[in-house]
Amino acid sequence: MRRAILVIPTYNEAGNIERLIPLIFQKAKLIQNWEIHVLVVDSKSPDKTGDIVRKLIPKYPRLRLLMVEKEGLGKAYTQGFLYAIENLSPYLVFEIDADLSHDPKQIPNFLRQIEKGADIVIGSRYIKGGSIPREWALYRKIFSIVGNLVVRLGFMQLYISDWTGGYRAIKTWVIKNALNHIKNYSGYVFQIALLDYAIKGGANIKEIPIQFADRKIGKSKINSTQFIINIFTYIFLHSSFIKFAVVGLIGFFVDFGISYVFIEKLKSTVWVGTLISTEIAIISNFLLNNFWSFYYKKLENKFRSYLPNFIKFNIVSSGSILIQTIGIQLAVNFLGRDLWYVYKILIIAFIIIPYSYFLYNRFIWKEK
Ligand SMILES: Nc1nc2c(ncn2[C@@H]2O[C@H](COP(=O)(O)OP(=O)(O)OP(=O)(O)O)[C@@H](O)[C@H]2O)c(=O)[nH]1
Ligand SMILES: [Mg+2]
């Protein structure tokens with residue numbers, strides 16, 4: 001029998017938790033092959049959520065309570081995971097909100113995907129069959145949809161639709177690997193940090209649709225402004241796609257600077273200066289991408305791994321030059337030459353960057 005622990009963080013959820021726990025255990029009785037436990041992680045709620053849970057424990061022997069400080073959702077989860085791993089030897093843990101937004105009836109659907117081989121199952125509000133509450137105010141809908149889109153594009157991981165949701169099943173090995181990373185994120189952004197780390201570690205991720213219900217009792221704890229700032233900071237520091245674009249920009253300046261020195265200062269022929277500067281920029285881009293943008297899948301430290309990949313890198317880069325040259329000439333032919341620099345920027349942003357990012361991921365820094 002495999003053991004699954006539902007970790008439920010609570011802060012002032014008295015009215016909700018006394019409804020949710022019976023619902024979970026009712027459902028758990030019907031689930032075969034899995035032993036379902038519940039660990040409530042309460043941040044010393046002034047409304048006595050903890051006391052309510054304590055009173056339920058005699059009735060539900062698989063229910064536990066962990067009291068922690070009020071240090072945010074991420075900290076509560078990290079402490080809950082640690083406690084579960086050390087004391088309850090779970091095969092997997094669930095994240096689930098206390099406020100009845102997540103329906104416990106879905107638990108078997110998560111487990112089914114785990115049985116089929118997923119390491120993480122995400123309950124998604126944004127795939128077919130999933131939904132956000134109809135009664136949400138427009139600004140909240142927009143915030144939720146746009147927020148997830150930004151994260152999706154920021155990481156260029158388009159296949160994951162729900163980055164911020166809190167209904168997930170996660171195998172214990174994924175949590176163990178990520179603990180050192182996620183302990184740095186105390187707030188809601190920890191959800192993104194955990195998923196990002198798991199993807200980089202090669203976890204197999206699957207989404208299932210969930211209908212997210214609006215909370216009926218109690219108040220929301222999320223601080224949206226702080227959350228937005230944390231999301232942007234996290235993406236900027238961790239997205240290999242953003243790092244890759246920054247490397248491209250550095251490459252542009254290296255190329256330009258060296259051309260300038262050769263052509264203007266050393267009076268070399270233009271084509272020689274251009275050839276040398278382009279190749280140096282390609283080498284510096286290659287190294288920066290290997291050790292920074294794609295550090296988690298960097299090439300083996302061997303000459304025979306570097307040489308063929310460096311040649312491929314040159315081929316892809318030559319492709320970029322060709323696409324840019326032809327693209328800009330076509331644009332100028334059709335639209336006139338006044339705005340050539342606008343066309344150049346558009347071609348780089350919307351064709352060259354995605355094109356090379358895709359090819360590098362496909363042929364050089366492949367998933368391990
Ligand atoms: N232990 C603990 N739990 C927290 C903390 N902050 C939030 N939670 C819990 O995390 C879950 C999600 O928080 P919510 O406030 O419901 O966030 P939300 O679902 O984005 O917002 P609503 O849709 O308005 O409910 C709830 O069960 C909260 O009680 C915290 O600092 N400590
Ligand atoms: Mg909620």
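Analyst: The buried residues of helix H1 are covered by elements that include strand E1, strand E2, helix H2 (49-56) and strand E3 (63-67). Helices (H or I, at least four residues) and strands (E, at least two) are DSSP runs, numbered from the N terminus. Contact here requires that the C-beta atoms of two residues, placed from the backbone, lie within 7 Å. This is a predicted model, in which local features need pLDDT of at least 70 and side-chain atom pairs count only at pLDDT 80 or more, while totals for chains, interfaces and linings use all residues. Residues are numbered from 1 along each chain as its sequence is written, and chains are lettered from A and ligands numbered from 1 in the order in which they are written.

The buried residues of H1 are Asn16, Ile17, Leu20, Ile21, Ile24 and Ala28. Seen down the helix axis, these buried residues fall within an arc of 125°, so they line one face of H1; the arc is that of the directions from the axis to the C-beta atoms. Gln26 and Lys29, on the other side of H1, are exposed. A residue is buried if 20 or more other C-beta atoms lie within 10 Å of its own, exposed if 12 or fewer, and partly exposed in between, with C-beta atoms placed from the backbone.

The length of H1 can also be checked. Its 16 residues (14-29) should span 22 Å at 1.5 Å a residue, and the end C-alpha atoms are 24 Å apart, which agrees. The expected span is 1.5 Å times one less than the number of residues.

Strands E1 (2-10) and E2 (34-42) also give two or more residues each to the shell around ligand 1, as does helix H3 (73-88). That shell has 20 residues, the closest being Pro9, Ala76, Ala98, Ser220 and Lys221; a residue is near the ligand if its C-beta atom, placed from the backbone, lies within 6 Å of it. The shell divides into seven nonpolar, six polar and seven charged residues. Ala, Val, Leu, Ile, Met, Phe, Trp, Tyr, Cys and Pro count as nonpolar, Asp, Glu, Lys and Arg as charged, and the others, Gly among them, as polar.

In the whole protein there are 12 helices and seven strands, and buried residues make up 34% of the 368 residues. The domain assignment, which is automatic or from a database, gives domain 1 (2-238) and domain 2 (240-364).
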